[in-house]
Amino acid sequence: PLAARQTGCDTGPVQCCDSVQSSSDPVTSLLLGLLGIVAGGVDVPIGVNCSPITGIGLGGNSCSASPVCCTNTNNASGVLSGLIGIGCVPVDISL
């Protein structure tokens, strides 16, 4: 289970991820392995296909998928940068 929803993000911009999976999920584990990313735990919440959300509360940007705060999104470079978020917890962006 994912952690309780929080209202801010101390580790960087709030991310909008297409989905949040456990690092123990077979498909997610395979993706992490192919990218050479070590999640650092058995059941770490992993955000997949993430991009930063800016202008929260201004109505300009919305996230119809999963708004989350991740402890690490700098795990890949180039075209894959930000694709995976590690340690992601849901964020309430309606504030």
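Student: How many bridges join β3 to β5, and which way do the two strands run?

Tutor: Helices and strands here are DSSP runs, helices being H or I of at least four residues and strands E of at least two, numbered from the N terminus, and two strands pair if DSSP finds at least two bridges between them. The number of bridges joining β3 to β5 is 2, and the two strands run antiparallel.

Student: Before we go on, what kind of model is this, and which pLDDT do local features need?

Tutor: Residues are numbered from 1 along each chain as its sequence is written, and side-chain values use heavy atoms, with hydrogens and water left out. This is a predicted model, in which totals for chains, interfaces and linings use all residues, side-chain atom pairs count only at pLDDT 80 or more, and local features need a pLDDT of at least 70.

Student: Which residue of β3 is the bridge partner of Cys 17?

Tutor: Strand β1 is joined to β3, residues 66-69, by 3 bridges, and the two run antiparallel. Within this pairing Gln 15 has Val 68 as its bridge partner, while the partner of Cys 17 in β3 is Ser 66.

Student: In what order do the 5 strands form the open sheet?

Tutor: Strands of a sheet pair through backbone hydrogen bonds, either parallel or antiparallel. At the edges stand β4 (84-86) and β5 (89-90), and each has a single partner strand, so one side of each is left without a neighbour in the sheet. The pairing is antiparallel, and the order is β4-β2-β1-β3-β5.

Student: What pattern does the protein follow when read along the sequence?

Tutor: The secondary structure comes to 1 helix and 5 strands. Read from one end of the sequence to the other, these elements give the pattern β-α-β-β-β-β.

Student: Does Thr 28 count as buried or exposed?

Tutor: Thr 28 lies in helix α1, residues 26-35. Leaving aside residues up to four places away in sequence, Thr 28 touches Gln 21, Ser 22, Ser 23 and Ile 46, where a contact means heavy atoms within 4.5 Å. Buried means under 20% relative accessible area, exposed over 50% and partly exposed in between, with a 1.4 Å probe and protein chains only. Because its relative accessibility is 5%, Thr 28 counts as buried.

Student: How many residues has the largest nonpolar core?

Tutor: A nonpolar core is a set of buried Ala, Val, Leu, Ile, Met, Phe, Trp, Tyr and Cys residues joined through side-chain atoms within 4.5 Å. Among the members of the largest one are Cys 9, Val 14, Ile 53, Cys 69 and Val 89, and its residues number 8. Apart from that core lies another of 7 residues, Leu 32 and Val 44 among them; the size asked for, that of the largest core, is 8 residues.

Student: What is the phi of Asn 49?

Tutor: Asn 49 has its place in strand β2, residues 45-52. With a relative accessibility of 38%, Asn 49 counts as partly exposed. Although Asn 49 is not a glycine, its phi is positive, at about 60°.
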